[in-house]
Amino acid sequence: MNKKIGVYICSGCEIGKALDIEKLNNVVSSEQNVTICKNHSSLCSVEGFNLINDDIAKENLDRIVIAACSPRAKTEVFDFPENILLERTNLREQVAWCFEPNDENTQMAAEDYLRMSITKLNNIEVPQPFIAENISSDILVVGGGITGITSAIEGAKAGYTVHIIEKEEKLGGWLNKLHKQIPYSAPYSKLIDSEIEDRLKELEQFENIKIHTSTTINKIDGQPGQFEVYLQNGTEEKITVGSIVTSTGWNPYDANNLPHLGYGKPNVLTNVEFEEFVKNNPDKDLPKNILFIQCAGSRDKDHLPYCSGFCCGTSLKQATYIRELSPKSNVFIVYKDIRTLGLYEEFYKEVQKDDQIFFTKGEIEEISEENNNLKAIVKDTLLGEKISLSVDMIVLATGMVPNGTEDLNLNYRLGKGLPELKYNFSDSHFICFPYETRRTGIYAAGSLRAPMDIAASKEDATGAMLKAIQTIEATKRGEAVHPRSGDKSYPELYLDRCTDCKRCTEECPFGSYDENEKGTPLPNPNRCRRCGICVGSCPERVISFADYSINSVSAIIKSVEIPDEFEEKPRILAFVCENDAYPAIDMAGQKGLKYSPYVRIIPVRCIGSINKVWISDALSQGFDGILQIGCKPGDDYQCHFIHGSELTETRGENIQETLETMMLEPERIRTEFVEITDYDKIPQIINDYVEEIELIGPNPFKDM
Amino acid sequence: MDKIQKPVLIIGGGMSGVTTAVEIAEVGKEVILIEKIPYLGGNVIKFNNYFPKLCPPTCGLEINFKRIKQNSRIKYYTSTEVIEVSGEKGDFKVKLKTTPQFIKNNCTACGKCAEVCPVERPNDFNYGFTKTKAAYLPHEMAFPYKFFIDDEFCKKESCNKCVEACEYNAIDLSAKEEITELEVSSVVVATGWKNYDASKIDNLNYAANNVITNVEFERYIASNGVGGDKLLRPSDNTEPKKIAFVQCAGSRDENHLPYCSAVCCTASLKHAINIQELYPKAEIKIFYIDMRVAGRNEDFLNKAKANKNIELVKGKVGKITETENNNLILEAEDILSGKKIKYEAEMAVLATGIVPSGLNINLNTDKDHFFTDLQPEGIIPVACSRKPMDVSTSVKDATAAALKAIQIN
Amino acid sequence: MIEVKPDIEFKKQLKQVSKSSLNECMQCGTCSVVCSLAPDDRPFPRKEMIWAGWGMKDKLIGNADIWLCHQCGDCTTYCPRGVNPSDVFSAVREISYQHYAKPKFLSKILNNPKWLPVALLIPIIIISAILYTAGTLQIPEGPVNYSKFFPHAWLNSSFSSLWFLTIGLGIVGLRNFWNDMKKQNPDLKPTGSFIKNLLSIRKEIILHSNFSSCSAQKTRKIAHLLVFYGFIMLLFVTAFAIYAAVTHNYPLGFLNPFKILGNVAAMMLIVGLGIMIANRILNKKDFGNSTYSDWLFLISLFLLTISGVIVEAARFLNWGLAYHLYFFHLICVWFIIIYLPYTKFGHLMFRVVAMVYAASVGRRLK
């Protein structure tokens, strides 16, 4: 296809006052494939838009540069058909609003940015989506507890076929073992019967739910839209599904680790054991005095350091039915904090009303046993002193341990299960995106994701099913899912050059690449989230996207004019994360914060996608320093692609070697981490670095 | 023949409404998102950061706004409220009212109007603690990215300075309210929450200069908030070195909100840690009844406990009195030692709870005005309109609501 | 360390008497803070509320703090759980009279409306018996002269000795109370004599300063002061009357300063009691729950005062029903004076003893 580029320079919003537009026109006209170059006082007006739109029709333009405001602004106006490649040159927020108006350096920046935009358009193509054939719209739900059941029902209600598999003979999980359930809607006053029978009946009504009990998974191959699941139920059976919800739940913490709380002594049970005991012996007499010990092994650095969230409610429930079944009984509840969050407070109050349920904060000092009588010594109580309680039974409110996801048996280069966060929960790390998953199309739900109760598990099951459905629909359109939702580009590999170094297969945060025996990557585009980390990882320029490649960015770098004389005009190249750092730089401009005009900014999908080649190209080109600005790495990482920022640190050594071989100072590359709100720090980061580079002196490659 | 699928209406453009909108649209269905104030992001966009990661909400919202911008299946209307809903599932008729903001969508956000505007208004983004011009950009990340004119303060045609200054003919001071009627398949109610009116808690002396609420504190501690990169107390703009947090200010209280608001404990821990990052020597006391920090946020609680300058006191503050120098005496019983304490703080933050914002159409509510799950089919309340919950749980719930909505044909 | 065995019966009784829920208390301590009297160290009523919830009778009965509370109701107003500590305290006090009362049956019949006829019959029978013995059990002829009906010597000696008897029994109860308080606080050693400690709190008693800090009810202090001093003045006048009956001519003339003082005192009592009764009826929210004992005491004191005034008037006006009224008046006197340790009036003794104990261990109210 012939490349016909139209360049439109806006002079509104101070751009015209800060820059010599005429001179910009001259620069543009000499660039390759520029068919037309026009100016307008307000491109975002109806007239401005029509001007461009008419030209597209008349001149057959297929590439447009709009040199005006930030690409984050006016997107609703500059909305062109998908076959038109659009590049927004940010002359407003990142030139006119942050550099001195009518200054030679400001003008040079604008000229460079126009060249960079035009060069980019000359080196990229409209992405053509990867649309696999035979995409399955079926969904697999792993685990037949309340979460899995809810997920299956909700998916079926939306019209999808759902396979639910359970390794036990019967669906229902823990709910089969419940005597009663906590009320989870107003007025939170009466316990309810286990809902499992109702849910199972509901489940059976859906023809599009296929139940596989006593079934395990031998292997899962493939990618969203085409997961091949090998089920084992006596014989092996293969089904194909588009996406997966895993809800394999939890197990109680092993109370054998809690002898200090009396476990092992007669009449000391866990909450789970007690529930089963009452369920199986509803007519049996309950003892006169029963003590509940909350946080038994929870919130305890030697056991489970976290709070399991359900145990306070469960003990309140158990206390309630003890009192119903056995009016003579006294129930004592010793807690650290009563955690009946939100509207569950109403339930707590309801339980408190009972005259024979006694609450105190406290720490168990000792549990002893004498003649079938248990004695608890409790310190730090609300009663003003240490107390001793003689009881007939102790119930330990033990917490939940997630079951993990290894049973998925994913045939992935990066492991059989989902990656786990702290304490082995397969959770998202993002507050805003709780269903973010590192195995595209596979969503964790329920208490294997985070400790939660029945009501929360059901909500979670529904949300996870939506994501599973969404993945299938996005896969059908050949689009990425969050965070680059709708992106149709995907990595294309020129394997002829591949050296089987395995960096891409190891570094991809989403496990997109499998590998053959030699170590050659086997891409699975539907697993890909388009972060470009593989682009950054590859030493051989094998991987590229239609609109984001080693070559395109290298060309952009080379399009910057580097002045010969360093003393006045050093040049800094800044690769900035387009999610957070780029908006922060925009906002610095919006706030009128000024910084050095020697910087040239290239937005990148993630700073983990920066390839070493770009750095050496920039240095050979004569850039005096290179800044990489990304999101925070570490335990509380903010990188949207998990470890993109972290990779720049580990790759740093490699890059330092490059600097050494080029006989350049290590300071010529710097990585900074910012948050989107750090716009006020942007000028300092840039100016400090420019100053430092000025001290070091010019890049010796400048004149070469 | 299949009937044409109508879009889903989402009432409320806060974190939950935005999430439901993008999640539905990314499945491939049409949505209409409405928000009654001029910009999206709700309460959350005013937060300094989230617990436990201490990351800014605008980071995630930027991504969500990008998802909205590039998805043609989402239509959004700001400054718009629902005034009527009729019909039934699959076929609701809704009437929307859009209040004029006097600046048209062709505003380029160049800022000229604000430069020439002679009147000031309290900046609601900072809960009125700072001022903006009557022509204003709500905040630097406002989406939609445009200016607005505050009807209440603008002098309209008698001034007309902004109209003259605008190079893009974007200002229309005579704009009128507009009524739109739509047909939708289902309605997601994401009307969210407001914080409890602290002035009703007479013993906690919200009237005192240096007593503020937790949501206000977000704007005080935010680097783009009231005091810039400093925390300045309201009475004299000095940096307080002793700050107290009053948990359950109105929550778990039959005289105010009988329920627990679920987020305030962790939020106050976050505030304490925020202060410590800014002023490592500041002394912080958190007075609580029960520390309700669920799940893995326990780590966050332990992080606060490990800081020797953050002290947690079990005991609810029963009284706050103001001293001559605008310090505050907080009185509580330290329950574990059985001693009454009087703590003199330079600033006190009331951890006020969550009150559902409500909606002017008739839906089933519980006694505390939260929407119950018993609604006409196709009307789906979500997140804090249902019960108090934190951001992450709200987003979960919003995603679940997206599925509930697309089940309705 | 204490071994906890909740006394469920006690807890139920407490709930029934106070008409308050104890259980919803979540131990936040708001009550202790808003209480304007509670000391900084181990303040009340938060700790008493958990003892109440756990049915810990010993802790509550032998607890001076129960009596240091002047029932202003601030704790109840601010309680976030709708629990009424002030009524709970009031109920513990009521249960305390019964607990320490000797003989127990007297306390029983005075705290249960169904035994009211018995409570009434006792003075009717005893007074009638005394009159019978004195030989005056009939309506005398001629101008009204009460001593013809109940000779002064008989009256003064019988009532005084009965009073000394019940008060004496009351003091035994107080002694037990004192010992219980010591037992509950083994680490606190009372110092100084009873009298010395009593003197140290004279200001609180004389000026009612502990009532001042009450924010919920302003009229309570005035009403209590009127009743308190009205009653003391009447006691003083009565004592003088007894003396006068022995040494002078009795009855006193209408303009006798003591007579005037007595009438002023009666007016004070009527106004004070009127305010108390009105408050309890009209302002339940701030004044809390009123029990049978509250009403029995208030009404009998009110009737005592009113009947006293009427009896006086009847004498001057020579009413035919004067002796019947006088008999009724004597029953009222009995209810207040003889029954003192068994009714709410006993709070006078218990509160003073508790305040003295508190002073002796250095526990000062704010």
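## Where chain A meets chain C

Start with one pairing: Ser388(A) has Glu3(C), in β1(C), as its bridge partner. Helices (H or I, at least four residues) and strands (E, at least two) are DSSP runs, numbered from the N terminus.

This is a predicted model, where local features need pLDDT of at least 70 and side-chain atom pairs count only at pLDDT 80 or more, while totals for chains, interfaces and linings use all residues. Residues are numbered from 1 along each chain as its sequence is written, with chains lettered from A and ligands numbered from 1 in the order in which they are written.

## What chain C brings

Chain C puts 17 residues into the contact and chain A 16, counting residues whose C-beta atoms, placed from the backbone, lie within 7 Å. On the chain C side, β1 (2-3), α1 (8-18) and α3 (46-53) each give two or more residues, and α3(C) gives the most, with 4.

## A helix pair in chain A

Now for chain A itself. Helix α5 (residues 104-123) and helix α14 (residues 550-558) pack at about 155°, their axes 8 Å apart; axes are lines fitted to C-alpha atoms over the stretch in contact, and angles run from 0 to 180 degrees between N-to-C directions. That makes the two helices roughly antiparallel, the word for angles over 145 degrees.

Met116(A), Thr119(A), Lys120(A) and Asn123(A) of α5(A) meet Asn551(A), Ser552(A), Ala555(A) and Ile556(A) of α14(A).

Notes
Two residues are in contact if their C-beta atoms, placed from the backbone, lie within 7 Å. Two strands pair if DSSP finds at least two bridges between them. Angles under 35 degrees count as roughly parallel, over 145 as roughly antiparallel, 65 to 115 as roughly perpendicular and the rest as oblique.
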